[in-house]
Each structure stands twice: as C-alpha cells, then as structure tokens.
There are 4 protein chains.
Amino acid sequence: MKAGIIGATGYAGAELVRLLAGHPKIDGLELSSVSYEGDHIEDIYLNFFKKVSGELKKAEAVIEAADVVFSSLPHGVGEVFAKACVECGKPFIDLSADFRFGSDEATFSTWYGKSYQYPELHGLSVYGLPELNRQLLKAKNGRVIVGNPGCYPTAATLGAMPALAKGLAGTGTIIVDAASGITGGGREPIRAYHFPECADAMSPYKVGCHRHTPEIAHNFAVAAGRAVPLIFTPHLAPMNRGILATIYIPLADVQPVFDLSRPPSKETIAKTVEIHALYTEFYKNEPFTRVLPLGSVAVTNRVRQSNFCDISIHIDQTGSTLIAISAIDNMVKGSAGQAIQNMNIVCGFAEDAGLSAIPALF
Amino acid sequence: MKAGIIGATGYAGAELVRLLAGHPKIDGLELSSVSYEGDHIEDIYLNFFKKVSGELKKAEAVIEAADVVFSSLPHGVGEVFAKACVECGKPFIDLSADFRFGSDEATFSTWYGKSYQYPELHGLSVYGLPELNRQLLKAKNGRVIVGNPGCYPTAATLGAMPALAKGLAGTGTIIVDAASGITGGGREPIRAYHFPECADAMSPYKVGCHRHTPEIAHNFAVAAGRAVPLIFTPHLAPMNRGILATIYIPLADVQPVFDLSRPPSKETIAKTVEIHALYTEFYKNEPFTRVLPLGSVAVTNRVRQSNFCDISIHIDQTGSTLIAISAIDNMVKGSAGQAIQNMNIVCGFAEDAGLSAIPALF
Amino acid sequence: MKAGIIGATGYAGAELVRLLAGHPKIDGLELSSVSYEGDHIEDIYLNFFKKVSGELKKAEAVIEAADVVFSSLPHGVGEVFAKACVECGKPFIDLSADFRFGSDEATFSTWYGKSYQYPELHGLSVYGLPELNRQLLKAKNGRVIVGNPGCYPTAATLGAMPALAKGLAGTGTIIVDAASGITGGGREPIRAYHFPECADAMSPYKVGCHRHTPEIAHNFAVAAGRAVPLIFTPHLAPMNRGILATIYIPLADVQPVFDLSRPPSKETIAKTVEIHALYTEFYKNEPFTRVLPLGSVAVTNRVRQSNFCDISIHIDQTGSTLIAISAIDNMVKGSAGQAIQNMNIVCGFAEDAGLSAIPALF
Amino acid sequence: MKAGIIGATGYAGAELVRLLAGHPKIDGLELSSVSYEGDHIEDIYLNFFKKVSGELKKAEAVIEAADVVFSSLPHGVGEVFAKACVECGKPFIDLSADFRFGSDEATFSTWYGKSYQYPELHGLSVYGLPELNRQLLKAKNGRVIVGNPGCYPTAATLGAMPALAKGLAGTGTIIVDAASGITGGGREPIRAYHFPECADAMSPYKVGCHRHTPEIAHNFAVAAGRAVPLIFTPHLAPMNRGILATIYIPLADVQPVFDLSRPPSKETIAKTVEIHALYTEFYKNEPFTRVLPLGSVAVTNRVRQSNFCDISIHIDQTGSTLIAISAIDNMVKGSAGQAIQNMNIVCGFAEDAGLSAIPALF
C-alpha cells in the first residue's frame, strides 16, 4: 500500500514520514507541500538523506496516488481534501482539529474561528482515540475520515478515562495541568520558540482558555456519561518532546479530613491500591497504554520516541483527590504515531505495525 | 559587618556567598564546611576565583567571628548553632526546615522524621517570609532565629496570599501544581539529577505528599484565618533555576456555568480585572513582588538571578476558579536571596540591599 | 539466536538491550549485572516496561545460554569472559577498551593502567570498525573477539580515513577537536554530569591527553600507512546524545597564501569539489556512512538514534587545510549500534539488520 | 551622566540596558529603536518590569540627550550616528563590525559586503579590546569612536595574545575551534535558532570562512608583530550564553616526538609550567582576565553573567602545541560588558564600574 501525506514538511508531517518509512505494510510514500512543491523531502530534512527520498507534489496528486491519506495541514484548510478522499473511497486521517468535533460545529467555531465548509462530511468522521473509539473506527471498513486527537487531549483523556468510566470521579471540577515540549509548537520559528527565550524556562500559556479544553471536556463527558467540569492549563517546558499531564480528579464517596499532621490513612492507601488495580484492568488489552507499578511516576523520557502513554496513580495526602499522571511523546502518541495507529485499525493491520519502537530513556 | 555562612559549599551556601560578596553592608565573609574544612571556597567553586576567597573553617569559628549567621546545613542538624547564636545575641538565619514550624513540633516530626533538640528555641523563631511577617521580624531588634521559607512555599504563598487574605477564595481545595529547576535538589550528584536522566524530561515527584505541603498549608491558614484544604504536586523541569507555581483557587461567590461553547462571560472578565487590581494594591509597597500587567503570564526566565516573585492573574474559561501563577528564582527569592532580605530587615538595612540585580532574560 | 549482554545495566548495555530487542535475527536476550543480580531489567529501566523483560543473571550463565555475547563492562575486567567465549566458540563483542589494541599491550598499559591478563587472546581479536576491517571480521567465521571502537575514535577515523588512505593529507599534525553528549560519561552520577554543573556549559576535558588519542592515532596510521601526528581534544556539550568531530587535516600539495582580504581561490573551490567526490566514492558502498552534499554541514541531531556517521567536507579560506566534520550518535554508531553492526558481519546477517532506524531530527 | 543606546531592543541592546541600569556612574538611559519607536522597553522585555523604564525614541533624540552613546545596530548602518556623535564630541561605542577594521576598508568590504560611507571617521576609531588597546583608548580623552570587538575575536585574542606577544608561537597555522551559545545569533527567530532544531545538537557553521576570521587574524598580527596563519571554525552549542575557544598554537623551539606509548616528557611538563607563569604574569594587572590554576580547564559556566575571560593552559601529549582555552560570556565580555568596560576607560571611570558581578555557576 501507498500512504500519502498532505503537508509533509511540518513537524507532524515529517514524523509521519519517519514512522511510515519503516512501516511493514507501507511500501511507498506520496508527499505534498505547498511551500516546497517541487523540492525533495530529504533536502529539507537532511536527517532523511539516503533513507527517505521523495518529491513534494500537489495534494491532488498525492490523493490520486495513495491508498490512504494523512493530512497534517493547519486547522481549517483540509476539508476539501477530505471530501476528495471520501469520494474516491480512501481513508483520510486528519491531524488538524477540523474533524475532532463531529457535528458540533458550534464549539469548533467558537474555538477555531471557522465554519464547516462541508458540514455533511463531519457526520462521516470518527474521533480517532482508539482506546475510546476502536469499534467505531473498525466499523467503517476503511471508508472513514478520522479526526486525529490533539496531543493534550490524548494525554488527558487516557489519564482520566478509567476513573470517569468507572464512576470514581465526584462531581467536582477536574483540573488538568500539563506541560509540553517545544516541538508541539511546530516548525515555524517564532519568538516563543526561539531557543534563548524558552531554554531554561517554564512558561504557562493560554491559561484556562486553551482550545484543547472543549476537546478534553467532550472526551471526559463521553467517558463519564455526563458533563464534567474541567480546567486545563498548558505550559511550555524546555525540552523537545513529551507531554506530561497531571490530572486532579476529586473522588466520589470519600470523606477526606484535611489534617497534615498525620500520614495518609489506611483507607487512602487501600483506595490507591484499588484504583491502580482498576486502571490496570481497564487497559489490560490496550497495546500502548501502560499503567505503571504503584510507587512509580509517569515521566516523559520513558515514553520518548514511542507510541506509549504511561499512567501513574496517586491519591493526595488527605485522600480527597485522585492524581492521575500521564506521559506521552507529543509527536508520536500525541500526533503522528496515533495517526498511524488509526490507519492500522482502519486498514485492518496489526495495531502496532510500524509502532513497535522501544522508548529510549535518553 | 561580617556575615557567617555555616555549610557554605552546598548550592544555597554558594549562592549566599555570591550575593553577600556584593552586599554593600557586608565587608567580610566567614565560611564553614564539614566536608571541606581547611580548603578554600574558590578552589571548590572556581567561578569565585579572584572574586571571593576564604578558608573553610569550623562552624564554631564562624559564629565567633561573624555578626550575623546564615546556616545552609541539611535539615535537622542546625539547632545547636542556633542556640549558640542566641546565646551571644547574633541573628541566626536558617535555610533548612528546622525553624519553619515554630512550636508545631508534631507537624515537623511527621514530615521530617526528627524531634526538636531545643524546643525552647522555636518559640524565638520567626518564619521569614517578609511579605507575611515583616513586622514580627523587625520587632525582634536583631535578636532572632529566622526560619527561611522553602522554595515552593515562597512561590505558592505569595501567589495565593492576596486571594486568601481578602476572602476571594471559596472553601474548596486549592491545588498548587509546581515545577522546579534542578538546582533545587542541591549539589550532591544522584541519579535523579544526572544530566542524561533529567534533560529533556518532565518528572513529577512526591506526588500529593511532598513535605513542603504542611508549610504551604500553614501559610495559607495564616493568610486566610482558617484552615485551607490543599494539594501540592512538584515536578522537576529540565532547567537550572526557577520555580513556577500554577495555583488553582476556587472562587467564593461565583455561579459558574460549565459551557465551553461560549466565550468567557462579561462577569468573568470583570472579575479578572477586579482581582488583578486587588493583587496590585495588596503588594503595592512590596519591593520584590511584581503583579504583572493583565494579559501577561509569569515565566521563570523573567525573574532569573533576581529576588523578584512575579505573579500573573487569570480566571478559567467558565469563571469558577482563580488561576494565580507565580514565578521565582528558586536559589534567590526561594533561598539565598530571601535569607538576605531577612537579614536586611532584621539588621535594619535597606530591604533590597545586595538584592538589586535586574533579571536576565537569558 | 540468543544474544547475551554482560553488564546490561549501564547505558551502553541498556542501549544494546533496546536495539537488540528489535533485531530480526535475535529472538532472546540473556542479561547479566553484578550490581543488580536477581533484579529485572525493566525495573531498573522503566522505559522497557511491557517491552523488554529479563532477569539479571551472572555473566557465566549468560555466556552459557547465549549464542553471541556482548560485554559492556568497565575497562580491564572482561578478559576472563572473552576467554570463556573463545573456549566455547561464541563471538565475543567487547565495548570496553580491552580488545582495541591487539598485541600492542604497551600502549594499552600506558593509557589504561592495566596489563593484559591473557595476552594470547589479543591475537585473536579484531578492531571492530567495519569500514576499516570488514574483511577481517568476516574472515573469522564467527570465532572472534571484537574490540568495539571508542566513540571518539569512530567519529574521528571515519571523518579522516578517505583523506589519509588516498594521500590527501600532508605530514603536518592532524587536530581532532570534538564534543560529546553527556551520555558518553555513563550512568553513574558524578559531579561532572550533575545537571546543574553541565547544563548550559561547554567543558573541555583531558585536553591533549585523552586516552582515545592512541586509538585514533593507530587508526590514522593504518589508514595512511605511516605514523600521523595527532592532537585530540574532547569537550562535553550540554546534550544527551551525539559526537561532533571537527578534524583539521593539513593538505599535501597545496601552496596556500594566507591573505584574508581575498575570497577563497578557484583552486580551493575546485579542490573542495574534488575531495568531496573522493569521499563520496570512498564510502559509496558503506551502509552507514553518509557524505553530505557540498554546502551542508554534519550536525549531531541529524543522526540521532541512528547508526549513521554523517561527514561534511570543507577547506579553510586560504586553502591550506581540509576540515572534515563527522557526526555520530555516540550511543549507536559510537557504541551499541556499531557493536550490533559487528555482530551482523560476524554472524553473516544483513549488515543493517536491527539498525534501520531513521534519524529523528528532534 | 546619561548613556544612550541606539538599537536597544536587540539582545546586545537589552544586555546594555541591564548592565547600565546598575552602573554607579550612569543615572539615566536614553533608548532608541526603529521597530518599536514609541513603545517602552519594559513592555518588550518584561523582565525589566519595575526595574527599568524608558520610552523608545529616535536615534537622533538619543544622541541629543546622552553623554555617551552605544550603538547595537546591525552591521553597516551606524556610521551616520557615529558622525553625529563625533561632531558633538560624544564618545560613540559601536557593537557592530563597522568600526573594527580601522582604515582597512578592503577587508571590511570583502567580508561584510559594504563600503565605508564616511571613510574619514575610521581614522578616529579605536578597536576596543582594552587588553590590547587600553592606552589608545585613554589617549583619546573621551573623543573617540570605539569599535567594540566581536565575541569570538575577544575570546580568541585573549587566549592567544600572551603566546604571540612573547614569541612562543611558531610559524605554523593557529587553529581556533570555538563554540557559542545561541544568544550570539540575536533576537530574531530563524530556523537555526528554533528550539527544536538546536536543542540537543552541536552545529558547526561558516566552517573555515566565518567573518570573524579577519578580525582575529588582525589581532593576532598586532600581538605577534607579524602575519599569523589562522583557521577559525565556530559551532553552535545548545546553551544560552558563553563562548569557549580551544586554540591550538604550534610552539616554536620544540622538538616534539610523536610517540603515544610514552607519557608526556619532563620537558613538556616544564614547558607547561613556564607558559602558565608567563600568561599569569602577562595578565597580572588585568581586571577581567583570569589565568586559571594549572590543572584546571576554562569552562563557560564559570564566567556566566560576568565580564571575565577565563584562560587555561595545556600542552598536547607530545609537546608540539600549546592548547590555550578561553571562556567568556558572549553577551558580557563578548559584547555589552566589554562595551561598558570601554566606556569606563574612555570616560575615566573605574574600569570595573558596573561590571563587578560575580559569575554564577548555575
């Protein structure tokens, strides 16, 4: 099969190239770029020299030649290519936000400032978080638009989902406090990602109003079967790859006593063991979700370059709140890797085909 | 005046040396070290070569020769030197946790695993957060033990104090999610601070149970005049200096509606302006606390190498929660700088003497 | 086949584990560790959780069970295991310096402070730089001790070899100025690799007297067919992976005029083209050595996580000196990857088996 | 006195602001910016908030109001302001390359692609390396144009000058292999300084042809009293501040034997001691040049945030070559700090006024 990548020269596009070039079921790549049309990908990414070669064409040519199409264009410009793929029966996996909101155009418009160009397409789309929607993805028999999740929503949803689905969460607000590596900002040099401005610095941004908030909230609602109040704050951390999400979930059915002169109660310790077992059971058949042993913490450099999402389970000192921590590589499980996982599901390949890299600690 | 530093070869000690060597009221340093007794500080810290010179002596000799004594020893070993200073009427400023808990020995013992050796000393001590206890510090007329605050408690308390003192906070749990640079772990090489293990990584640690929790909680209670439920989670970020604290404070007197299909309400925007004005007013006479203009965010690299605490004010999308973000240099306002600020107050110097460095963005 | 790794818990050992676990011809790993005997590798390297599992045994048990044995022990302790492998006819690939000097015990002793325990073994060993000794490695038919090259010698030799072998180099001293990522120092936390001491710093070390000097000099002599005067200076750079070697090779047969008021001469430009062509031709059949297009520079992040050695060709402004720059990932081509390449050659596998990872720019 | 800064919003300009704001002889700053005219400096550099305030004006207004004028404009646009300062008798200290070449317009034109607009001005200029030209600077009695040296030339010249001036260097080519922090590239975001492209990477650039080459060569010639063949290669290192220059100086009057089977000879060791003493003597009255104790190495993080140049002395294993290593903070001694040092000399202030910061190791 041939895979096509529309918008191949951005960071997500280049990560797709890197991962798909080693995919056992893909024997050719078709690449497009508006900015670099006519150039070769290995001239732009010299790391590909002698490993990947390909002329950058027009998007239309990519769709024509490929059997499955990935799109890593900016938000708001890819619907026309989705339409073309639907019309010729090819799976379209979109890494932008365009197909993450299904028929909820109102929320998309509020946060992304654009309307749907082809509203009917969105009824065909599936939100591509396999751990949530694997059956929906399979059911499409390959005729599908996949809205590949955002990086923060992937980490946040996987970290909170078992608690929400199993009724552990109370009705209080869930807080997702997260940090991302700088590659999350893409390839275009702007001052916020200029080395001297972001090295040796922690920078919050879009505090309480980042546009991944409604996407996370929607996932939480699906998992919980009810609306879940949510606050989400992202930060930039001085590293290349990784997202760490620290998720505070007020527990239902606890009677916490705020008394820091005492160690955690037996009940709290028992509850931690119980929730850890529940998470482990919940994800036991998932190929990419690792619930870490109790006592460990999820850390970004243990999932680096892999499609894993690591999750660690903690309860605060006084027993009131589950603190679930999740770590992903933002460019893999948070972007290109998950897109390939979606392709594998949609196309009937082994779900981990091309995604078997072992995390490199350093 | 001569300043003495007991435990001068750790990172906090070395930072005291660096800052005190340029202090206009200090004309000599007396330094001690157990590990390096007899060596010279500039041989251990070659950055001091030709700028600071001093033989490392015994602690007793330092107390004898100095007019004011700083102690940057590990927790639990400094009381004997505090006693000696009290007996000869010299201010003792302790950078360890030993004198942060006053007469609350129970909490100290629970979290630090040690008892007080000289309980009577703790009645003489003042918790050295000038923004909270300036009058107490002054009232001692120089005969005082100062328990210099922890780095996280400094950032957390300064970020939350106005909201707590002015009754903005509701009764819900406050969450302090914070990240620290690696210098916070001190000078001893251990695996967690080994470059290949922490570069390019975000690592939570002591999740929900770090021993700065009771110190923060105590400060919050003092500010609010009531117990304040608290969760605190620290993270290591791959940078040398800085603490960023993202503080979630549920607001009293709000009726939030969780509806992410709408932008923030007029009430929320007005409330943000109001709280920003309140913070600005609260800190208007403070020399080191900067409430940033609305729309800005506190970032660690804007306070680097300075004694400033920057604070930015935000309310989440749905209006339920104040998100106050504070940034300090963990080695300055979070440690040695604040200790010098305390000395300045205790000794009657200008409060910013020796602390006038302008932050270096890079 | 089963592969054994003696000393599996150091960084080179762990990198062998990571790469061999994905090797198509290896279906089992046998691991040993003195420090962690009885523990499991995935408990020490949590990044391996659910991907690699294995109890850490005694070295003897590893040799017994494996078909090919890698040793990543400290210098000077592995000969006994080499002997055991030779006696049972198993290839022994040693990542320490013990078998890099063949019968030249004098040089080994001068620089490593140890004598050979079993001198006769060293006559059986081959220096495992495939680009230099591929035929020797093959000729052993699997009964061989391989002395896997040092990281700096790999980068330096591959960068200089074509010039030396083809007589481009004059008789002047060659200078190799190189920088390495911190992983080169291994897993043990010491102050030089403590994050706060090496982040944001360039540190030369062992200036003019690093013990990779005789290894590089030996390789240069083999390539040139004569002794080649050499100076080698290593530096630590604040990054995890990578070695960059900037190699200054005085050219034979040039008449440089030192006149910086003029641009490079036509002769210099033509010579650059000629040398670039020569390098390209020299390495045209090598799977892992990429001579970059003229005008490009070798950079460490374009070979990251791969077994490539990138080389760029430059001549200084006045035409006197070839500046060849080579970049490798110190943990792959500079260590574990090259060891696997050697195994592939020795065992008759495809030379790039298990080593096909495409470099990740970030 | 009032200091003016033309081009105050670039990194060198901002560093001038930071340092001059704490200068004991400067009681006001006048700032200009073309890009931000009418804005305030503290809105652009929020780190200055509450410490430095100033409206950004036109350059002409700055010259009018200031007693001494710094210019940190791009190369090739500042002569007109130099002329204006000369006409009204105000010292003009230029951080660009425009006044580094004196009357040698040919070399300037070859490397910077521009002609002199006012050739007569260049006869009035002094190359502002105080260790070389202090008397010339003083002799001008304040009526002077100072060409502030480049960052690499400062490090290279200070490292090599004693050897050249005292006849230690032979006639062979000197090689300067240097690495710089990313701030050296300035404030404008371009891809080479985009965090994901330069973090965790060593990148050579302008190999053998960087335009600091003629500036270094000129300084070497002045110091040696003869032309000195030179090769200079810069690298980008993943750090914010610092230049490390590793300088290979072939020694005169040595008979090296290239034999790595032996340790360094007694003669080599004695020669090292002798050269170290010579360097120490040479710089004994210099306020900012520290010749480190034998056995130490110059490292960038020991001069960070200071105006020091650290120098360490080594001879290669075989005795042929002096390896002098120098470290500076590229933004201080390599730029703004040295400019202030020049102002201090020209204006008759203490040479270290405003420059007494002690290096911060971290």
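This is a predicted model: local features need pLDDT of at least 70, side-chain atom pairs count only at pLDDT 80 or more; totals for chains, interfaces and linings use all residues.
How far apart do the C-alpha centres of domain 1 of chain A and domain 2 of chain A lie? The separation is 29 Å. Residues are numbered from 1 along each chain as its sequence is written, while chains are lettered from A and ligands numbered from 1 in the order in which they are written.

Let me begin with the domains. In chain A, domain 1 spans 2-123 and domain 2 spans 152-330; these bounds come from an automatic or database domain assignment. The contact between the two takes 6 residues from each domain, where contact requires that the C-beta atoms of two residues, placed from the backbone, lie within 7 Å. On the domain 1 side, helix H5 (residues 105-112) of chain A gives the most, with 3 residues. Helices (H or I, at least four residues) and strands (E, at least two) are DSSP runs, numbered from the N terminus. That side of domain 1 of chain A divides into 3 nonpolar, 2 polar and 1 charged. Here Ala, Val, Leu, Ile, Met, Phe, Trp, Tyr, Cys and Pro count as nonpolar, Asp, Glu, Lys and Arg as charged, and the others, Gly among them, as polar.

I turn now to strand S4 (residues 68-71) of chain A. Val68(A) and Phe70(A) point one way from this strand, Val69(A) and Ser71(A) point the other way, and all are buried, that is, with 20 or more other C-beta atoms within 10 Å of their own, C-beta atoms being placed from the backbone. Strand S1 (residues 2-6) of chain A runs parallel to S4(A) and is joined to it by 4 bridges; two strands pair if DSSP finds at least two bridges between them. Within that pairing, Ala3(A) stands opposite Val68(A). Strand S5 (residues 92-94) of chain A is also parallel to S4(A), through 3 bridges, and Asp94(A) in S5(A) is the bridge partner of Ser71(A).

For the whole sheet, consider chain B. Its open sheet of 7 strands has the order S3-S2-S1-S4-S5-S7-S6, with parallel pairing. The edge strands are S3 (56-57) and S6 (125-127) of chain B, each pairing on one side only. Strand S2 (residues 28-32) of chain B pairs with S3(B) over 2 bridges, and Ser32(B) has Lys57(B) as its bridge partner.

Next, the nonpolar core, defined as a set of buried Ala, Val, Leu, Ile, Met, Phe, Trp, Tyr and Cys residues joined through C-beta atoms within 7 Å. The largest one holds 482 residues, of which Val17(A) and Val17(C) touch the most other members. Beyond its neighbours within four places in sequence, Val17(C) has contacts that include Ile5(C), Leu29(C), Phe48(C) and Val52(C).

Finally, the chain interfaces. Chain B and chain A each contribute 50 residues to their contact. The chain B side has 29 nonpolar, 17 polar and 4 charged residues. A rotation of 180 degrees with 0.0 Å of shift along its axis superposes chain D on chain A, with RMSD 0.0 Å. That is the relation of a two-fold axis. The superposition is by least squares on the C-alpha atoms of residues with pLDDT of at least 70 in both copies.

Notes: A residue is buried if 20 or more other C-beta atoms lie within 10 Å of its own, exposed if 12 or fewer, and partly exposed in between; C-beta atoms are placed from the backbone.
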